[in-house]
Amino acid sequence: MNRWCGKVAAVTGASAGIGAAIARSLVQKGMIVVGLARRKEKMEKELECVKDKGTFIARKLDITDECAIIHTFEWIKKEFGGVNVLVNNAGIAIPGQILDVETAIWKQTIDVNVLGTLRCTREAVKILKETCEEGHIININSVLGHRIPRTGNAFPLNVYPSTKFAITALTQTLEDELRGSRIKISSISPGLVKTEIFDFDKDVSGWPYLESEDIADAVVYALGTHPRVQLSDIMIRPVGEAF
Ligand SMILES: NC(=O)c1ccc[n+]([C@@H]2O[C@H](COP(=O)([O-])OP(=O)(O)OC[C@H]3O[C@@H](n4cnc5c(N)ncnc54)[C@H](OP(=O)(O)O)[C@@H]3O)[C@@H](O)[C@H]2O)c1
């Protein structure tokens, strides 16, 4: 991990949950972390207690806005000279049955979870290829990107697992495209994590869960692997998770 000290990481969805924990960990490891989310003030508040050798900069960004993404990554390059690590963490889950919800809900989920990841990855890789620096793209996937629990409609997951299966596929496709470069790509697939994304009083009440810091630990581990190591996917689940 020491080799990333003083290097630049962009973390999407750093205003809450897993993204905020990842941003905190990377700052503690000495990285310059640019947090990207729509709620800039919340990002600043989430990170205000981190007093360590790294730096945190909050930047407002909606990852469904392609022009804003291009502009943001140009700004990162101008301000910090490049970007080494991108953590594609921002994501949404809108519960419902696929056949019952409006097309707009399908589109919104795919736009954030899949297209947002693709757009940010393309801009980060463009910079990495210009600067010829070592890079690592980490996609926050899900166990639902590998298999679908049969809950008998108790917890209707809508198109969320479909978007995460897309993350599995695009991570593997990009690994192939990036062969021969100094850029690694990995997916981290958590089981249930206690954040705002699911309703812990209703939908998943009583289920075993992880804390966001458990996922941040996995990101630090992935980054710390030797340059020769291609870490394709880490699946990390709470003990006792049923599916
Ligand atoms: N919690 C779990 O059980 C679990 C399990 C497996 C995988 N995951 C994955 O982990 C990632 C983080 O989820 P979480 O549980 O930490 O959820 P969360 O607490 O709801 O946080 C989601 C984050 O995504 C950001 N975001 C949403 N839409 C955005 C947009 N259009 N542009 C920019 N940022 C956007 C939010 O920031 P703003 O609202 O400020 O924009 C927020 O920071 C997601 O990819 C999720 O699928 C979560």
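**View 1. Glu 175 and the residues it touches.** Leaving aside residues up to four places away in sequence, Glu 175 touches Ile 185, Gln 230 and Ser 232, where contact means heavy atoms within 4.5 Å. This is a predicted model, in which local features need pLDDT of at least 70, side-chain atom pairs count only at pLDDT 80 or more, and totals for chains, interfaces and linings use all residues. Residues are numbered from 1 along each chain as its sequence is written, and side-chain values use heavy atoms, with hydrogens and water left out. You will find Glu 175 in helix α5; helices (H or I, at least four residues) and strands (E, at least two) are DSSP runs, numbered from the N terminus. Glu 175 has a relative accessible area of 26%, so it counts as partly exposed; under 20% is buried, over 50% is exposed, and partly exposed lies in between (1.4 Å probe, protein chains only). Leu 115 is 60 residues from Glu 175 along the chain, and their C-alpha atoms are separated by 17 Å.

**View 2. Helix α3 and its two faces.** Ile 69, Thr 72, Phe 73, Trp 75 and Ile 76 are the residues to look for here: they are buried in α3. They share a side of α3 because they cover an arc of only 155 degrees around the axis, the arc being that of the directions from the helix axis to the C-beta atoms. Cover for these buried residues includes β1 (8–12), β2 (32–37), β3 (55–60), β4 (85–88) and α4 (103–131). On the face turned away from the buried side sit the exposed residues Cys 67, Glu 74 and Lys 78.

View 3. After α3 comes Gly 81, whose phi is positive, near 85 degrees.

View 4. Among the 30 residues around the ligand, Ser 15, Arg 38, Asn 89, Tyr 160 and Thr 195 come nearest; a residue belongs here if one of its heavy atoms lies within 4 Å of the ligand. Oxygen atoms of the ligand lie 2.9 Å from a polar backbone atom of Ile 18, 3.0 Å from an N or O atom in the side chain of Lys 164 and 2.5 Å from a polar side-chain atom of Thr 195. Taken alone, the ligand exposes 880 Å², and the protein buries 96% of that (Shrake-Rupley method, 1.4 Å probe).

How values were computed
Polar contact = N/O pair within 3.5 Å; in protein donor to acceptor, adjacent residues only side chain to side chain.
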